[in-house]
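Hi,

Here is the structure I said I would pass on.

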Amino acid sequence: MRTSRLQRRYLARRLAILRAAGREFRIRGFADTGMREIAAAADLSPANLYNYFRGKNEILFFCQDNALDRLIANLEKTRRVRTQSASEKLSAVIHFHLHCILDEVEGSAAHLLTNSIPSPLQKRLLTKRDRYEQGVRSLIAAGIRSAEFLPTDPALSARAILGALNSTILWFNSRGPLTTEELAENFATYLVRGLQAQAGGRTSARPVRTGRSLGRSTVSLRKKLAKTGDPQW
C-alpha cells in the first residue's frame, strides 16, 4: 500500500516535470533550455530533478512518448466506435490531435525537432508515430471502401492531414481570434470535406473509376511511399 502510494506520487511528480519542461521547451527552444531552467519551472532543485530524469534529452523523450500514447489510445478508441461514420471518426481524431498539441504542453513538445535524442529512443518514438499514422490511414481506407470518401491514396491523405495539424504549433496563438476548439472545428470541416464523395448532400466531384488499373497504381504508390523513409509528421 505504501509502495503503491509512493509510486503514484513519483509518477505524478514526473508528469508535473514533463509539463514544466514542455513549457520551457516551447518558450525558450530545446537548445536554450537547460536542466537548471527546467528545475526552476518545476519548483525543484537541480539536484532533486536528477532523481526523476537523467537529462533534458530523456525529458523530451518522455514528453513525446506520453503524447504519442495519448494520441494512439484515442485513435484506437475512436476506431472501435460502431455508431460513427468514417467522417465522424476522422473529425474526432482531428479534434483530439489539435487539443493534444496545442493545449497540452508536453504534447506541443512532442513535435519539436529531436535530432539530439539518442538513436535507440528515436526508434521507439518512430515506431509509435508509424503506428499512429497507420491508424489514420486505416480510417481513411475504411471510408474509401464504404464509398463515403473519394478513391484516393490513404498514405498521402493521412500525411497531408497530419502535416496540416502539426504545423499549427508554429503559428497558432491561444490569445488570437480562435480558440483551439474553433480551430479544430474548422480544420475538421476543411480536411474531412476534401475526402468526402458527397458534401452537403451534393456530389463534390465526379466519381472516380475504381477498376483494376486504379487499384494497381494505388498499391504501387503505397509501396513507393513506404520506401521513402520515416513519416515526417
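Helix 5 and helix 10 are oblique to each other, oblique being whatever is left once angles under 35 degrees (roughly parallel), over 145 (roughly antiparallel) and 65 to 115 (roughly perpendicular) are taken out. Their axes, for residues 86-103 and residues 180-193, come within 9 Å and cross at roughly 140°; axes are lines fitted to C-alpha atoms over the stretch in contact, with angles from 0 to 180 degrees between N-to-C directions. Helices here are DSSP runs (H or I, at least four residues), numbered from the N terminus.

This is a predicted model, where local features need pLDDT of at least 70 and side-chain atom pairs count only at pLDDT 80 or more, while totals for chains, interfaces and linings use all residues. Residues are numbered from 1 along each chain as its sequence is written, and side-chain values use heavy atoms, with hydrogens and water left out.

Back to that helix pair: among the residues that meet are Leu 90, Ile 94 and Leu 98 in helix 5, and Leu 183, Phe 187 and Leu 191 in helix 10. Contact means heavy atoms within 4.5 Å.

Now for two single residues. Thr 78 lies in helix 4 (residues 56-80) and is buried, with a relative accessible area of 6%. Buried is under 20%, exposed over 50% and partly exposed in between (1.4 Å probe, protein chains only). Beyond its neighbours within four places in sequence, Thr 78 touches Gln 84, Lys 89, Ala 92 and Val 93.

Arg 23, in helix 1 (residues 2-28), is partly exposed at 39% relative accessible area. Arg 23 and Ile 38 are 15 residues apart in sequence, and their C-alpha atoms are 9.0 Å apart in space.

Cheers

Conventions: Helix = DSSP H or I, 4+ residues; strand = E, 2+ residues; numbered from the N terminus.
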